[in-house]
Amino acid sequence: MKNLLFAAAWAGSLLSTAAAAQPTKAAFKFDFGPGKASPGYQQVLPTAVYSPTTGCGFDFGTTVSGADRGGKDALKGDFVTSDKPFYFSVDLPEGNYNVTVTLGDAQGASSTSLRAESRRLLLQKAETTPGKFITQTFTVNIKSRQITPTTTVQLKPRELNKLDWDNKLTLEFNGVHTCLNALEITPAPTAVTVFLAGNSTVVNQDDEPWAAWGQMIPRFFKPGVAIANHAESGLSLGSFLGSKRLDKVLSVMKPGDYLFIEFGHNDQKEKGPNDGAYNSYTERLRHFVSEARKKGGLPVIVTSTSRRSFGPDGKIVNSLSDYPAAARAVAQQDNVPLIDLNAMTVKLYEAIGPEESKKAFVHYPANTYAGQTQALADDTHFNPYGAFEIAKCIVEGIKANKLGLVKFLRNDTPAFDPTHPDALASWSWLDSPRSTVVKPDGN
């Protein structure tokens, strides 16, 4: 515990200088379990509970037990474990970090999925056999509301308790039998940051059963790329600007970073005299592009995901008016890479079919999820399966545009054809502890 208090003091000193540049020497090395700690590592016992005073520990009331297998390898000889999801949090200032986890058990099998912050998928069902261990590294972004000493992002009330916006890194370990041996966290100031600007089809959703492609896309990247998702439910290009989210992105963007821009669902509901696909939408889209380029950033325009809007002939009916076409026009005229997600999702939904495609969205009969008394039927917002399929479409768009990000795609990233989607029966997802039947903003 002395080591934990030392870590907390260290983290506290970092937080006091969060407005300064990201520290380059800060690092945490945690050895989990009741056995002897490996040299250079701070021991974390199962009783370590997170608080602002300790600065690190198991969080949100989740608990673990410890096991000590002994042996010569102090790092892998002990671990913490649970057959239920648990959270571990560490106070960290804004920036990108390499997060390395070691998982496994000398005497038994383990199975782990890893998510960061607001359910950002990093590792999906990693399994080990007795005596085998895996070590994986991910680059994770931590963001802050602060833009300047006097300006902040204007968050919605629903965002105030989001894990993405607090002052710590939270990792969710979820699996049938997770065995966590070690965790290392080091700053990654040179990592490429991919900033996401968008609405509820892009945002990191905190609560089951909701999900969006922005929280699934981290799973496909090797260390060296961090996804900084600044999207939020209900936003248009105008409200993203008005809440100072573009200002925030630009304040931390460095040359070589990317800005993926996907809007349209909520923009089409704006009915002012200057609104419309070829008026304010086009002008604002060009503003996002030009501002990113001024910072040395690389903008990418993404057309809006189609709604699940089938006609009587079993084909998708365009419910987004001229907005996808306007986005395509800006990309062509301003020489911006285009990921035509609208076209890909039309193919995806039609391939799945009018009835089966409900299983990619939040469609639940009454009393089958979280005790709601009314059925949920949402044809805009995805569940985790749908969000994962959309993220695969984004990956294909990255490949088709030959973006520099291609070299960072994980080796186990298969080719994906939207006309041949993954079968739902092959999909595996363990629910996170947080859930709600409240529909996200926007439609």
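This is a predicted model: local features need pLDDT of at least 70, side-chain atom pairs count only at pLDDT 80 or more; totals for chains, interfaces and linings use all residues.
Side chains of opposite charge can pair when their charged atoms come close.

One of the salt bridges joins the side chains of Arg245 and Glu159, with a distance of 2.7 Å from N to O. Because Arg245 belongs to helix α4 (residues 245–252), whereas Glu159 sits in the loop between β12 (151–152) and β13 (168–187), the pair ties together parts that are 86 residues apart in sequence. Arg245 is buried, having a relative accessible area of 2%, and Glu159 is likewise buried, with a value of 1%.

A second pair is formed by the side chains of Lys439 and Asp378, which meet in a salt bridge at 4.0 Å, N to O. Lys439 is found in the segment after α8 (384–400) and Asp378 in strand β20 (residues 376–382), so this contact ties together parts that lie 61 residues apart in sequence. Here Lys439 is partly exposed, at 41% relative accessibility, while Asp378 is buried, with a relative accessible area of 4%.

Within helix α8, Lys399 and Glu396 are three residues apart, which corresponds to about one turn of the helix, and their closest N and O atoms are 3.2 Å apart in a salt bridge. Lys399 is partly exposed, with a relative accessible area of 28%, whereas Glu396, at 17%, counts as buried.

Notes
Residues are numbered from 1 along each chain as its sequence is written. Side-chain values use heavy atoms; hydrogens and water are left out. Helices (H or I, at least four residues) and strands (E, at least two) are DSSP runs, numbered from the N terminus. Buried means under 20% relative accessible area, exposed over 50%, partly exposed in between (1.4 Å probe, protein chains only).
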